[in-house]
Amino acid sequence: MAEEHKHEESIMEKIAEKIHGHDDSSSSSSDSDDDKNSASLKTKIYRLFGREQPLHKLFGGGKPADIFLWRNKKVSGGVLGAATVSWILFELLEYNLLTLFGHISILALAVLFLWSSASTFIHKSPLHIPEVHIPEDVVLQLASGLRIEINRGFTVLRDIASGRDLKKFLLVIAGLWVLSKVGSSCNFLTLIYIATVLLFTIPVLYEKYEDKVDDFGEKAMREIKKQYVEFDVKVLSKVMSKIPKGAFAFIKKKD
């Protein structure tokens with residue numbers, strides 16, 4: 001009897017283990033399903049301009065991104081402060097660039113010369129003036145990156161001029177019109193300064209309020225697409241229907 005009782009207990013223990021194992025597997029599967037659902041929700045989050053990478057990586061990472069996103073507040077503040085001082089000197093005080101460069105150079109050379117000459121009389125060690133030179137690799141990388149961007153711009157302009165993308169053509173025309181209006185109201189130096197201030201403020205504010213801005217951007221893009229569809233139906237389709245089909249055939253043959 002005792003052996004039969006032990007045998008029944010062992011059978012009940014095995015059944016219980018199987019039930020618990022099934023519960024654990026079902027709970028783990030449910031957890032994995034929850035993880036998949038949360039991952040799918042994360043992938044469905046809207047980002048401005050279809051952005052998939054972090055903002056820091058879009059700025060190239062490294063020191064330039066740290067400066068624009070205020071990772072190093074001293075350097076970022078120094079660059080923005082220098083830009084502000086330059087704009088005040090050249091725009092508000094109407095200081096000439098060559099005059100400023102000449103005065104700063106005269107002052108710096110005079111201080112260094114007097115200190116080096118007087119160091120022997122006041123028993124001080126002379127200043128160590130480092131050798132300054134521009135590395136060749138940096139210049140080549142900068143020139144190569146600039147060349148790539150210029151060629152890319154020429155390619156975009158060629159595609160627009162060829163009449164292949166009407167939407168892009170209208171966007172570029174609108175952008176150039178806005179740029180001409182801004183240029184007529186302020187000079188080139190002020191425009192550069194405004195662009196610098198925006199570059200040091202908008203990215204860091206966007207990074208701070210990223211979710212709210214993306215949510216608003218999603219709603220705005222829906223409304224823009226809706227208005228564009230109506231504009232396409234009411235205006236563009238009528239204009240394109242009046243253009244002879246032979247003109248598009250001529251463009252394609254020419255390309």
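Reader: Is Glu 149 buried, partly exposed or exposed?
Author: In this predicted model, Glu 149 has a relative accessibility of 46%, so it counts as partly exposed.

Reader: OK, and what does Glu 149 form a salt bridge with?
Author: Its partner is Arg 152, with the closest N and O atoms 3.7 Å apart.

Reader: Where do Glu 149 and Arg 152 lie?
Author: Both are in helix H6, residues 136–161, and they sit three residues apart, about one turn of the helix. Arg 152 is partly exposed too, with a relative accessible area of 49%.

Reader: Switching topic: how many salt bridges does the count come to?
Author: Four. Another of them joins the side chains of Glu 207 and Arg 71, at 2.9 Å from N to O.

Reader: Which parts does that pair tie together?
Author: Glu 207 belongs to helix H8 (residues 188–208), while Arg 71 is in the loop between helix H3 (62–68) and helix H4 (73–92), so the bridge links parts 136 residues apart in sequence.

Reader: And is Arg 71 buried, partly exposed or exposed?
Author: Partly exposed, at 43% relative accessibility. Glu 207 also counts as partly exposed, at 26%.

Reader: Now helix H9. What about Glu 218 and Arg 222 there?
Author: They are four residues apart in that helix (residues 210–242), about one turn.

Reader: Is Arg 222 buried or exposed?
Author: Arg 222 counts as exposed because its relative accessibility is 55%, and the cut-off for exposed is over 50%. Glu 218, at 24%, counts as partly exposed.

Notes:
Residues are numbered from 1 along each chain as its sequence is written. This is a predicted model: local features need pLDDT of at least 70, side-chain atom pairs count only at pLDDT 80 or more; totals for chains, interfaces and linings use all residues. Side-chain values use heavy atoms; hydrogens and water are left out. Helices (H or I, at least four residues) and strands (E, at least two) are DSSP runs, numbered from the N terminus. Buried means under 20% relative accessible area, exposed over 50%, partly exposed in between (1.4 Å probe, protein chains only).
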